Amino acid sequence: MEVVLVEEGPYRFRIEQRDQMRVPGVVFASQALVPQVAGDRALEQVANVATLPGIVRASFAMPDVHWGYGFPIGGVAATDIAEGGVISPGGVGFDISCGVRLLAAGVERAELGHDRLQRLMDILDVTIPRGMGRGGLWKLSGSEEMDELLVGGARYAVEHGHGVPRDLERCEDYGVLDGALPGQVSRRAVQRGIDQVGSLGSGNHFLEVQAVDRIDDPDTAAVFGLRADQVCVMIHCGSRGLGHQVCTDHVHAMDEALHRYRISVPDRQLACTPVDSPPGRDYLGAMAAAANYGRANRQLLSEAARRAFVTAAGVGLDLVYDISHNMAKLETHEIDGVSRHLCVHRKGATRALPPGDTGLPPDLARAGQPVLIPGTMGTASYVMVGLPGNDAFHSACHGAGRVWSRHHALRMVRGEQLRGELEARGIAVRPSSWRGLAEEAPRAYKDVDEVAAATEGAGLARIVARLVPLGVVKG
DNA sequence: ATGTAC
């Protein structure tokens with residue numbers, strides 16, 4: 001299916017509704033990003049998503065959109081539960097609750113200095129588990145303890161000494177997604193996850209030591225606990241093998257159940273069933289469990305970073321925020337003046353609640369929800385904030401967005417050379433493999449500055465601060 | 001993203 005973009009406003013393009021589409025597509029992008037967006041098969045996926053039963057308003061694409069499994073990464077789609085709206089595992093992604101956590105250190109960049117930064121990076125290098133397989137920081141005793149973690153998320157980790165209660169106030173949903181059904185997480189998924197709690201994984205996952213390079217919105221930055229030149233830690237990771245297995249299991253189940261609900265989809269990877277159906281409820285319960293695993297995972301990694309900072313610099317780390325960018329959530333939104341109960345899929349997209357939203361903790365309520373945008377290695381990252389008037393169900397982008405395939409990046413970049421280039425720019429690099437480093441070269445991604453500018457231009461969120469890397473621990 | 005393939 002050929003897809004044509006029609007400009008319908010600044011930073012906003014439309015894919016006209018046609019054929020089996022039930023709603024139009026809406027793509028948020030700057031003129032500079034359009035060629036990259038339009039040259040990607042992702043737009044065809046945006047149109048495919050628009051055919052799903054019960055979809056309302058539009059099939060949305062964020063400025064970092066790129067091709068994914070069934071749904072594009074950087075896609076947002078909401079379905080009306082009472083109207084037979086569906087849930088699709090492909091609309092969440094294989095890395096359930098992949099997300100970002102930002103912590104702020106009690107030290108400025110200049111105070112930390114070169115030698116202590118190197119010492120810090122060396123400690124992180126040997127204490128942060130990462131790479132394919134391998135172990136994690138927390139060995140669970142067995143499936144009973146795993147079930148408790150799947151229900152309790154980051155709260156369960158904190159209750160067991162891995163963090164402080166204040167951390168939970170700065171986690172989306174206070175660190176726990178309700179509705180987890182550990183019984184819907186297969187034995188195989190549990191086996192894959194049991195020794196991976198507190199591990200980065202690989203691919204674009206990382207732990208970076210960063211500095212606040214620029215403050216664009218001083219009032220909001222102050223509420224978030226950020227100031228110029230402050231040292232920070234950004235952690236980007238997900239639910240490891242457990243989330244992957246949950247997705248695999250439930251894609252299979254839905255693929256087999258599809259015909260019973262008389263659903264036809266243009267791409268088998270869009271396998272789905274009604275939210276209000278046994279397979280739909282089973283998946284949502286398993287997804288919530290995997291989401292809680294991902295949140296506990298980031299909590300454990302935060303504790304390792306805190307120990308490294310105390311040892312190398314004698315300072316603590318305060319949690320700024322923890323946000324997921326691969327999730328589906330049951331939310332209430334107004335559609336054509338009527339309040340509707342929706343299932344909102346965000347895949348490679350975050351929630352971005354506006355100021356005053358009841359979903360925010362009291363100390364963030366007047367500012368709005370922090371939106372964390374990780375860049376790629378050697379580039380900037382952004383802290384943004386949710387705004388009123390975001391008609392993409394209060395959603396924003398999640399990162400730079402890949403433009404080169406991993407395969408192409410491997411042909412173009414050598415890991416050893418890339419490390420040299422980054423070190424020459426003063427960025428300490430602690431890779432887990434040369435291949436992984438090459439695959440994640442900055443050139444393989446869109447320009448995160450452009451993505452953040454487009455996200456702001458489109459009115460999805462506002463830029464609060466820009467962060468730059470001092471050192472990267474690569475998954 | 002992922003015991004980088006069922």
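This dialogue explains how to read several features of a predicted protein model with DNA strand B.

Colleague: Which conventions apply to this model?

Modeller: The model is predicted, so local features need pLDDT of at least 70 and side-chain atom pairs count only at pLDDT 80 or more, whereas totals for chains, interfaces and linings use all residues. Residues are numbered from 1 along each chain as its sequence is written, chains are lettered from A and ligands numbered from 1 in the order in which they are written, and side-chain values use heavy atoms, with hydrogens and water left out.

Colleague: Where does Ser-199 lie, and is Ser-199 buried or exposed?

Modeller: Helices (H or I, at least four residues) and strands (E, at least two) are DSSP runs, numbered from the N terminus. Ser-199 is in the loop between helix 6 (187-193) and strand 8 (206-215). Buried means under 20% relative accessible area, exposed over 50%, and partly exposed in between, with a 1.4 Å probe and protein chains only. Ser-199 counts as buried because its relative accessibility is 1%.

Colleague: Which side chain makes a polar contact with that of Ser-199?

Modeller: A polar contact is a pair of N or O atoms within 3.5 Å; within protein, one must be able to donate a hydrogen and the other to accept it, and residues adjacent in sequence count only if both atoms are side-chain atoms. The side chain of Ser-199 is joined to that of Arg-240 by such a contact of 2.6 Å. The side chain of Arg-240 also has an N or O atom 2.8 Å from a phosphate oxygen of DNA strand B.

Colleague: Which residues come nearest to DNA strand B?

Modeller: A residue is near a strand if one of its heavy atoms lies within 4 Å of it. There are 15 residues around DNA strand B, and Arg-192, Gly-203, Asn-204, Arg-240 and Arg-406 come nearest. Helix 8 (240-257) and helix 6 each supply at least two residues of this surface, and the largest share, three residues, comes from helix 8.

Colleague: Which parts of DNA strand B lie within 4 Å of the protein?

Modeller: Of the DNA atoms within 4 Å of the protein, 64% belong to sugar or phosphate and the rest to bases. In the side chain of Gln-196, an N or O atom is 3.2 Å from a phosphate oxygen of DNA strand B. A base oxygen of DNA strand B lies 3.4 Å from a polar side-chain atom of His-244.

Colleague: How is the packing of helix 8 and helix 9 described?

Modeller: Axes are lines fitted to C-alpha atoms, for helices over the stretch in contact, and angles run from 0 to 180 degrees between N-to-C directions. Helix 8 and helix 9 (residues 278-313) pack at about 170°, with axes 9 Å apart. Angles under 35 degrees count as roughly parallel, over 145 as roughly antiparallel, 65 to 115 as roughly perpendicular and the rest as oblique. Helix 8 and helix 9 are therefore roughly antiparallel. Contact means heavy atoms within 4.5 Å, and among the residues that make it are Arg-240 and Val-246 of helix 8 and Tyr-283 and Asn-297 of helix 9.
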